[in-house]
Amino acid sequence: MNTFGFPQQCVAPRLAEFVTPYCFGDISQVEREAFEQHLLECDYCWTEVQRLADCVKVLRSDPSVTSTVSAGELIGALGLSGRLDERFAGHFKHVLLVSTAFALFFAVAVFVELAYQFDRFGQLATLLASLTWLWIFVTSLIACRVDTKGAQSGGALTVARPLAVLFSSTVLLCGVMMVILPSTPTVVAAFQTFPVTLGFLKAVFFAWLFGLPFLFWPLHFVLSMQRELASGRHRGVLKLLTHSQEALPPRDTPYVRVWVLFVFLAALSLLNYASVSHLFDNLLPGAYKTLFMALVMLRITILFGSSALGLWWYARALTELKREAFAMQTFAEPESTPHRSVQ
Amino acid sequence: MLGDDTAQLALLTGIQRGDPQVLTAFDARVRPRLIAFGLKRGLQRQDAEDVAQDTLVAAIRQIQEGKFENRGTLAAWTGSIFSRRVNDFLRKQYRDQRTLVHFESTDPEIKSAALQLLADTTAETQFFVREVLKALPSRERIVLILNLLDGRPAHEIAQMLRLGIKATEAILTSAKKQFRQLANEVQEKPRPKRLSNGEPL
């Protein structure tokens, strides 16, 4: 107890919460006046304020506090590894794009398969395509979230979990579609065409053929590199990204180079050109032939456009990661700075 | 204090009687707080001391003249006297076309005030702050230093670190709370003997 017998513990815990904002200057005038009145009464809060206010004085004026931040930490904060704990590890917009594109692969396929008889199946196509888009969009977001959480948690980062989410959602969707879609062909051509159900499964195959290497795998790899950098393993990251022979990728995360994916995309485009040309040359006249062709071109545009965007994002992310790893190595180990330029 | 009825009554009686012990204890208790409040409002130390002195003199005189009606707490009443005194001072200062102190000013007298702020803190406090900062997560530490030492607002820090503004504000708020929490934890640890620069032996 003090001179006048005033209590030594704070008797107004609600006001005690203002200690921090008061000392840091984040308090409104009304709150400040109320809190200062409380300080005139409360020895406990007054002691807290005196101690914290001294610390804030130092924080505002002592340049030596910057010595508590290492160059590596600053580089990490400015680079991709510093964003690992953010929503989707700082790749929220890219995840939205990936999920939207992957969902469109499926949704447009529904329209394509039913377009030739749009008068019969138009309403069904619209409903199914909307629901398909929503289902795949949400499950893709979940898959990306699972992948991001794996990178953020520090445990084993495996691509199996997000793949399992995607695979399950695709299987479920296909199961439902096999029941609802017609089992007869709708496209009329000079050769035997697939029934709608099989045509949809073929479209699902192509969705995975494009989606996995150009959308989901790059995200997984970038997440794993962010985690490596955040854990201080910048030397390993730099060796991997500069194709050193001593490089060891993280377990279950092989490094697929940008040029490999580019060549793959180029090969796919050639194959696609050949098959679409063959299809268009053999289509028989129909009321919705033009609609069908337009939707096929739209699907091709979406497939290749989003794959190209995914590839571009991947290349840019790898460059940023390389830059960050090189900067960390330079400041952490100046004697071992590699004598080569960084792209 | 100034809020508990029994304690308040004892204090009022002592002041009204002019009991020197009560007056000294009242002054010792209230004066440092009023000076701190004045400094918070941007007053120079000398001015804050002057305003605190005026407030205490006015409060004691009015209590002895029976002007304190005991309707609210003595703390609220003293605080309102102080607020009025500060507002009067600031209005007079504005009228006299004197500016408030800014750390960015190139006026040598004002610059030395900024250095004085640092000199007012002990080496031990400076070391203590560095220890607490090291215990903070790196992102919170960087944002806190950029905001307080560099004086950068949240939107500038957000741009530098390529974060959203709301996210940066949230990190800053969290950093301040964590700083206080860690300061209490570090305070409670037994401290080693220190050299004159605050570093441990």
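The model is predicted.

Chain B is built from helices. Its secondary structure comprises nine helices and zero strands. Read from the N terminus, the order of elements is α-α-α-α-α-α-α-α-α. The chain has 201 residues, and 41% of these are buried.

On chain A, a nonpolar surface patch covers about 600 Å². The residues that form the patch are A:Val176, A:Met178, A:Val179, A:Ile180, A:Phe194, A:Leu198 and A:Leu201. Two or more residues come from each of helix 8 (160–180) and helix 9 (196–230) of chain A. The top contributor is helix 8 of chain A, which gives four residues to the nonpolar patch.

A:Ile180 is one of the patch residues. This isoleucine lies in helix 8 of chain A. Its relative accessible area is 38%, so A:Ile180 counts as partly exposed. The class follows because values under 20% are termed buried and values over 50% exposed, with partly exposed in between. The value of 38% for A:Ile180 also meets the patch criterion of over 30% relative accessible area.

Conventions. Residues numbered from 1 in each chain as written. Chains lettered and ligands numbered in written order. Predicted model: local features only at pLDDT ≥ 70, side-chain atom pairs only at ≥ 80, totals over all residues. Heavy atoms only, no water. Buried < 20%, exposed > 50% of the residue type's maximum accessible area, 1.4 Å probe, protein only. Patch = residues over 30% accessible without salt bridge, like charges linked within 9 Å, V, L, I, M, F, W, Y side chains within 5 Å. Areas by Shrake-Rupley, 256 points an atom, 1.4 Å probe, with all protein chains shown as cover. Salt bridge = Lys/Arg side-chain N within 4 Å of Asp/Glu carboxyl O.
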